[in-house]
Amino acid sequence: MIQKIKGTMDILPSETPLFRYIEGIMREEAEKYGYGEIRTPTFENTELFVRGVGDTTDVVQKEMYTFQDRDEGRSISLRPEGTASVARAIIENGKCSDPMPLKFYYIISCFRHEKPQAGRSREFFQFGTEMFGSESPASDATAIALAASVIRRLGLKNIKLHINSIGCKECRPAYRSALVSYFGAHTDKLCDSCKSRLDKNPLRLLDCKNPDCHDIAKDAPKTTDHLCEDCHSKFEMLKSSLDAMGIEYVVDSSIVRGLDYYTGAVFEFIAEGIGAQSTVCGGGRYDGLVESLGGPKLSGIGFGMGLTRIILAMREQGLDNVSEAKPELYVAALGERAQVAALGIVERLRREGHKCECDIVGRSLKAQMKYANKIGARYTLIVGDSEIDSGKAQLRNMDDGSQTEVSLDNFNLA
Ligand code: ATP
Ligand code: MG
């Protein structure tokens, strides 16, 4: 028996309606905010992610599914996230000189070789948005408002928005040295990854999940105390914009985001009660990304929202009861002649837009009626030789048991 790859999932028809419901809300909200759907390839040149996500990140160093392509021997990777591909696509398709801002959304699967657990898988589904061409905090506020409105429309409570600013090229160096000297005094207690992060990317120490590192990080210098004038005033404007939009938030200096390309505002939506993987949405500003991929200087702001984590939160709050519409009609057939007639009847009604079923496995009448009940058909119709001969049959309303005589070749469903 061949089994699925560890960390992947089969989503069966009992669960797809919930996925589709959530995806529908994501699409509707994104389009309301003026974002258009973009579809990019599932795999890209590895170099795109090395440059776009950052070669000091865990995603690139430990988690990418990378392989040599067959013919040209080049290195290819399954996308671990969506932002780098969208940035590449706008450069490659000449969109950088279009009127700004450019706004894109996507619902994709991403691939990361991580330790599977609740809310963390190796193929996972993400709703992502990217906006390019505005440096104003008004664009940060718009992106955050879109994420908040998806969460609101799904009916989710107990999800808090945490915001922070991690500064820019101007303020980062001073903050970086403040961090290095703070953590440098605690090296003996840091985990091995953090010891090496201290040289390469000290900001990442604030993000470490190891309990000892986490404890030390609590008293670390805060980015918000080291912002340059410009970053400071932008962060203040973001806060007042969120206030004006009626979006609640907390300022949280531990939010730094995992990927290298972030600058300025960063944020996460964190859910209570779904365990350790509680960040349902993470995002921020990435003003250097497009340029680092060979495009013009073009600022950006985006986020990724994990569908499985949203579903965990919906389950926790009893909001996951979404199911497929039930059939309107089930036609039970007695004998081969009736089965053929039944096919004709359901096909006519399906063409008129109704959801209908008939027997195609040759069950007994009793078993067919049991089945009609099980699938929740609203009406049933029993067709045998005498019904075919007379052209008439009884349409039974399964809710109240009432019956109406209908003409087989032209009856309609209300
Ligand atoms: P985390 O802190 O949980 O590792 P991340 O910072 O790596 O997340 P991003 O790259 O920002 O996550 O991805 C955006 C969102 O995608 C996350 O907030 C989360 O909801 C979801 N996500 C990320 N990795 C996974 C995964 N392995 N399985 C399921 N969902 C994931
Ligand atoms: Mg991660």
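Visitor: Which residues form a nonpolar patch on the surface?

Guide: A patch is made of residues with over 30% relative accessible area and no salt bridge, where like charges are joined within 9 Å and nonpolar side chains (Val, Leu, Ile, Met, Phe, Trp, Tyr) within 5 Å. A salt bridge here is a side-chain nitrogen of Lys or Arg within 4 Å of a carboxyl oxygen of Asp or Glu, and accessible areas come from the Shrake-Rupley method with a 1.4 Å probe, with only the protein chains shown counting as cover for residues. In this structure Leu343, Ile360 and Val361 form such a patch, with about 310 Å² of accessible area together.

Visitor: What should I know about the model and its numbering before going on?

Guide: This is a predicted model, in which local features need pLDDT of at least 70 and side-chain atom pairs count only at pLDDT 80 or more, while totals for chains, interfaces and linings use all residues. Residues are numbered from 1 along each chain as its sequence is written, chains are lettered from A and ligands numbered from 1 in the order in which they are written, and side-chain values use heavy atoms, with hydrogens and water left out.

Visitor: Is valine 361 buried or exposed?

Guide: Buried means under 20% relative accessible area, exposed over 50%, and partly exposed in between (1.4 Å probe, protein chains only). Valine 361 has a relative accessible area of 58%, and therefore counts as exposed. Valine 361 is found in the loop between β13 (356-358) and α13 (365-374), where helices (H or I, at least four residues) and strands (E, at least two) are DSSP runs numbered from the N terminus.

Visitor: Which residues come nearest to ligand 1?

Guide: A residue is near a molecule or strand if one of its heavy atoms lies within 4 Å of it. Of the 16 residues around ligand 1, the nearest are Arg112, Glu114, Ser121, Arg257 and Arg309. A side-chain N or O atom of arginine 112 is 2.6 Å from an oxygen atom of the ligand, and a polar side-chain atom of glutamate 114 lies 2.6 Å from a nitrogen atom of ligand 1. Taken alone, ligand 1 exposes 580 Å², of which the protein buries 91%.

Visitor: Which strand gives the most to the shell around ligand 1?

Guide: That strand is β10, with 4 residues.

Visitor: With which side chain does glutamate 268 make a polar contact?

Guide: A polar contact is a pair of N or O atoms within 3.5 Å; within protein, one must be able to donate a hydrogen and the other to accept it, and residues adjacent in sequence count only if both atoms are side-chain atoms. The side chain of glutamate 268 makes such a contact with the side chain of threonine 279, at 3.1 Å.
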